[in-house]
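User: I would like to learn how to read strands, sheets and helix contacts in a model. Please take one feature at a time.

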Amino acid sequence: MDKEMRAGPDASLERRRFLAKMASAVFASMVAPGLAQGLPQAPTTPLTPEEEDVLLRMQKELERALKNPNRRWGMVIDLRKCVGCHACTVSCMAENRLPPGVVYRPVSEEEIGTFPNVTYRFVPQPCMQCDEPPCVPACPYNATWKRKDGIVEIDYELCVGCEKCIPACPYDSRHKDDGYYWTENTPGQGQMPYEELPVYEWGKKVNRDDEAGPMDKVRKCHFCLHRIERGLLPQCVVTCIGRATYFGDLEDPSSLVSELIRKPNVMRLKEEAGTKPRVYYLV
Amino acid sequence: MEKLSRRELLKLSSAGALLGPVGLALQEQSAQGMEAYEIQLPENTIYSTCLQCNTGCPIKVKLYEGVASKIDGNPLSPWTFRPHLPLNTDIHTLAKVDGALCPKGQAGIQTTYDPYRIRKVLKRAGPRGSGKWEEIPFHQAVKEIVEGGKLFAHLGDDRVYPGLKDLWALRDPEIMKQMAQAVRAIWAEKDREKKKALVEKFKEDFKEHLHTLIDPDHPDLGPKNNQVVFAWGRLKAGRSDFIRWFFSQSFGTVNLHGHTTVCQGSLYFTGKAMSEQPTFDTTGKLSWSGGAKFYWQADLSKARFVVFVGANVFEGNYGPPLRVGWITERTSKGELEYAIVDPWAQKAVKGASRWIAPKPGHDAAIAMGVIRLLMEWGKIDRKFLSAANRAAAKAMGESSWTNATWLVKLKDGKPERLLRASDLGLAKPKAKVGDKEVELDAPVVLQEGRPVAFNPNDEGQPVFGDLWVNTTLNGIPVKSALELIKEEAFRHQVRTWAAFAGVQEEDIRFLAEKLAQYGKKAVVDVHRGASQHTNGFYNALAWFTVNALLGNIDHQGGFVQASTYDITGGRAGGPFPMGKLHPKPLSPFGISLIRHEVKYEDTTLFAGFPAKRPWYPHASDVYQEILPSAAQGYPYPVKILFHYMGSPAYALPGGSEQIQAMLDPDKIPLIVAFDIVVGDTYLFADYIIPDLSYLERWEFHGSHPSIIWKVQPVRQPAIAPIPEEVEVFGEKMPISLESFLMALAEHLGLPGFGEKGFANGMPFTHPDHFYLKLAANLAFGEKADGSDALPEASEEELEVFRQARRHLPPTVFAEERWRKAIGDESLFRRTVYLLNRGGRFQEFHKAYAPGDLVANRYGKQVNLFLEKQALSLHPMTGKPYWPLPAYFLPYQDVLGNQLRDPGYGLTLLTHRNILQTKSRTISNYWLLAIKPENEILVNAQDAARLGLRDGQLVKVVSATNPKGEWDLGPFGKKPMVGKVKVVQGLRPGCVAFPLGFGHWAYGASDIVINGQVVKGDPRRAKGIHANAAMRLDPYLKDMALTDVVGGSVVFYETRVNLIPV
């Protein structure tokens, strides 16, 4: 550490006091989020075309939902607004340290029509967090189950990577972490700094190759559980440049997602499979 | 090359820094049963700016034990959040809110932590392009480049290479100024004999200094200093100021050239031509100056109808996070409608009211059709267009005005120049020029049939002119500029314009109707698809004219420009006015290597038409000219070429020729490159100096025309440097562009660096000393009294600032050094406040002025008649440049000859895919996981006709590359072979490939360093890059087709064939 940062005893005492104060402030903010209070007052003359970014509204709703023990998460994806940029896919890979071969939120691209009447369809497809998840009974080890908050969980300590759940999923949402690294067979030897970062999935902070880590297990989208429990929106939601992805508590009738799924143009993928997905699409 | 594990990186940073008190604080939290999400805490976040493309989105770099762990958008900026949060948002709240980024921004970590990053200086260990390198000590490289000599004798090369010390020839600022003045006088003299006499006088007057010149018989080539060239690819403010400080002010070369013409040069230089302002000298003579290299874009926050012409708005176009949200949100509410004009069905056709696919390069025909209809319907803004001067604009509540009503003198029925008061013997308006009251030889409008000379800059006397004038005054035939535009538009029926462009008449009518319907809330947004043509300048001019006719400039929802906060202290006069801080600044002069901003016919090199190579009196940064001109030695030989963060061989059309220009040291003796890897172009350099990646360094990214808010994002070190540490001026610092230049300065003894490097006596011995001053200027604001300054950081903010940098070694972050670089505690704290937020961003609602105008305005005259063009000669034809919007045919050589290429039946196009930038994201494996390679798009009709099927491998061949391969010199040949993808979304007759793939270096191939093979990664070599197929100019032969007016290199015209392999 730098010379001037190695200050005298008084300064370091001062810093400890500050840190203690700040730590508790941060702690408080993490368990009792107060986004609305943290933001400066909006200008009184509303010249703005929009009052606030929809991300802020959802984040405030998320903070409210965290106080509701009966919250049940859901996602809405407006296909009209998806521009097929794949930011959600990459953001998720970075956030969840996904290795080659694992993807939590692919986006399919399809060209429609005949020249010159051409358009595109882009469909992001995260884990549907089904209310009737066919992957759960497929697991011989009870390593995966439906949580009270709606998310389908995987326990990496119980999962043996047998892959029986993979074909059970009609959405192809589950992938095995086969232990590959992005920079293997390069001078990086699979050990570039971003490949050695801890994974925050399922309420634990682990290294990827730990016993309780995801390597050699089956992995899937978890709605960024580690983020939502700390008052942060899922990565795919915050990085969506078209603002096409919405997230929140479907038990809260005033939440944006509840509002959106009451629209007539709402649908779910493969309804006929009877899986009751918690991911809705606006078309 | 060594592998870079995190452990090693940590070793590079100061030991133990990671076990600091915050670690304890986090543990305390854990003890309370709550594990914090470390990377989301303010003390683990550094606010900086992305550089995965030139959009430059403000970002937060989230750190885990000093490692950049996740990148998200900074919600304080209009790029990533909408409306963006106010700058005074509490930093704890700020840490919890993430803004949106595109996939490249999300993958930036992989650009920085690239296993192919270089850490020490590389010197070639074989011929250029052999792929053989040795690592050499930093100071050895410095010494060799300063002193020159037999630098490659150990390779059996006995050439004596030049050194910087011999090229720093003219060192006296006073003599340089006097010479520059004498050269201006030579250029101003039109008589060839008198011009010769002035050259002789020059030689007599400066006989003591003639040895410092490149050629005393051609003093306008300037001093030998000009034989040192600094060229760049991606460079933004701050770093560009650093480079100018060194190369321009300290060293004195005129040759600093950017890459603009490979992007959308002709768009910028149309903006420059339209923004030239009328000025008068003390004799009252009218001339033009102050034209800005810039362009306008649409304000998507308020526009009701937008036409995107050659603007790939969902995947490129400065840029997705910034613009896409406005489009998706506002179209879904029915507030915005848009049309796409592009031969390729870009992703934004989803959501567009109409996709119009013209023949490439015929964009101006559509614009002319639109102009005709708007005029026929009376839907141009006649009130706006009738205003002839500043006062008239003011009287109407407008901020800008045009020269639409100004009278143009005709000669042989063609526009020659503007009419002036003296042509008619009219009463001349009076105005102050400096202290002097001057009679202006002013322009003239007709007012109800009566000619009136007027001062365009007058603020008090509004002058309105008649719109349509076609008459003779005192025997002189004259027309108004608007009349001339009308005549051009009415030359053809709309259906004929449509036929020229290969579109339906209905398409042009649709555009015109929508533009007419929304008026000032309708706007045409033009980008490189229209400008990268041999007629690019006039495509842009025609479409920009449509906006002027709508009167939407500076209007909310109209045609708007960028606005940035000053970092150089120029506007406020302090605290650090960089323009005055250099102790001994040289003012370089002479013809530049790319012959820009000077008229060929004025110089001593004039030898009739056509010139040996084009000259660019109205453009600059003509990227494709740099290497071929240097290799040809026209206008003079180059001795040392520095090249920074560019890849001309890969990025430019006809890239093989750019490589050929680099191969021979007899042509360009020394090539010194700065980059983070051995890239596709610097493979052919003599030395590569390792640089810092965008997450490790300083810069100020500026803004883009569509951003109506005044902004200035800061790029600052977020992680410990990956390359080696060096010592310069007795201080330790990471190796980088800056430290290398400083070491050159130290070795040469250049003024402007060292203990008293700044004119105010402050030291310049570390890059921080420069950058912190720029940051302090930004924090201080633009008011001399300090009323525009940011608040001071509180104790708590200061502590968060320190903690967020606890992983940075003292070579990068040393609080005391940073404080001293600013020198004032209050200003230091304001700077901390700035750096804690990653820049300055104007409050959301403040960009909308009461009424209908934006707050940050262009606010000047807009030229529809370009007199500066009219009064200069095309260097190849000898005819004056055409001064008005017009439809010219594409696919011409520099002499204006039409190219045909019989037997080549398809037109090659390129486009951006959001998952790659042009040349430097192939290292991003997350992106490659989604799109591992590109393909050649072929319309289904063509595929059926040619018998091509999906996935089939084909070779791209053209008239100037019939073999269909890249010639990489000693590195071998790379065939241009790619996979066919059959699509509907492409105009038949065109084929297209997305840029970014088909690399031969940047880790794509094996290279040898210190005798060890560094294996290439085959993932990086996939796909096709077909720029080498693009048409070479038949007159020049060593350069791709070029727009001689606007400077753009041509991407979208080459006729090719696809040969199955």
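This is a predicted model: local features need pLDDT of at least 70, side-chain atom pairs count only at pLDDT 80 or more; totals for chains, interfaces and linings use all residues.

User: Which strands pair with β6(B), and in which sense?

Analyst: For pairing, look for the bridges and then for the direction. β6(B) is joined by 5 bridges to β25 (residues 640–644) of chain B, and the two run parallel. One pair to locate is B:V228, whose bridge partner in β25(B) is B:I640. β6(B) also pairs with β7 (residues 256–257) of chain B, over 2 bridges and again in the parallel sense. There, B:F230 has B:L256 of β7(B) as its bridge partner.

User: What is the strand order in the open sheet of 3 strands in chain B?

Analyst: Write the strands in the order in which they stand beside each other. Here the order is β1-β2-β3, with antiparallel pairing. The edges are β1 (45–49) and β3 (67–73) of chain B; each has a single partner strand, so one side of each lacks a neighbour in the sheet. From one strand to the next, the twist averages 30°. Between β1(B) and β2 (residues 58–64) of chain B there are 5 bridges, and these strands run antiparallel. B:T45 is found opposite B:K62 of β2(B).

User: What is the order of the open sheet formed by 4 strands?

Analyst: In chain B, the order is β16-β15-β22-β21, and the pairing is antiparallel. β16 (414–418) and β21 (470–473) of chain B are the edge strands; each has a single partner strand, so one side of each is left without a neighbour in the sheet. Direction ignored, neighbouring strands of this sheet are turned by 45° against each other on average.

User: Which helix lies across β15, β16, β21 and β22 of chain B?

Analyst: To place a helix against a sheet, note the strands it lies across and its angle to one of them. The helix is α18 (residues 481–489) of chain B, and it runs at about 75° to β22(B).

User: At what angle do the axes of α19(B) and α20(B) cross?

Analyst: For two helices, read the distance, the angle, the handedness and then the residues. The axes of α19 (residues 494–501) and α20 (residues 505–518) of chain B come within 8 Å and cross at roughly 110°. The two are therefore roughly perpendicular to each other. α19(B) passes α20(B) in a right-handed crossing. On α19(B) the contact uses B:V494, B:R495, B:W497 and B:A498; on α20(B), it uses B:E505, B:D507, B:I508 and B:R509. By class, the contact residues are 4 nonpolar, no polar and 4 charged.

User: How do α14(B) and α20(B) cross?

Analyst: The axes of α14 (residues 363–376) of chain B and α20(B) come within 9 Å and cross at roughly 50°. These helices are therefore oblique to each other. Their crossing is right-handed. B:I366, B:G369, B:V370, B:L373 and B:L374 of α14(B) meet B:I508, B:R509, B:L511, B:A512, B:L515 and B:A516 of α20(B). This contact has 9 nonpolar, 1 polar and 1 charged residues.

User: How many residues of α4(A) are buried?

Analyst: Burial in a helix is read residue by residue. In α4 (residues 87–95) of chain A, 9 of the 9 residues are buried, so the helix is largely enclosed by the rest of the structure. Among them are A:C88, A:V90 and A:M93. After α4(A) comes A:R97, with a positive phi near 50°. For chain A as a whole, 46% of the 283 residues count as buried.

How values were computed:
Residues are numbered from 1 along each chain as its sequence is written. Chains are lettered from A and ligands numbered from 1 in the order in which they are written. Axes are lines fitted to C-alpha atoms, for helices over the stretch in contact, and angles run from 0 to 180 degrees between N-to-C directions. Angles under 35 degrees count as roughly parallel, over 145 as roughly antiparallel, 65 to 115 as roughly perpendicular and the rest as oblique. A crossing is left-handed if the near helix is turned anticlockwise from the far one by less than a right angle, and right-handed if clockwise. Two residues are in contact if their C-beta atoms, placed from the backbone, lie within 7 Å. Ala, Val, Leu, Ile, Met, Phe, Trp, Tyr, Cys and Pro count as nonpolar, Asp, Glu, Lys and Arg as charged, and the others, Gly among them, as polar. Two strands pair if DSSP finds at least two bridges between them. A residue is buried if 20 or more other C-beta atoms lie within 10 Å of its own, exposed if 12 or fewer, and partly exposed in between; C-beta atoms are placed from the backbone.
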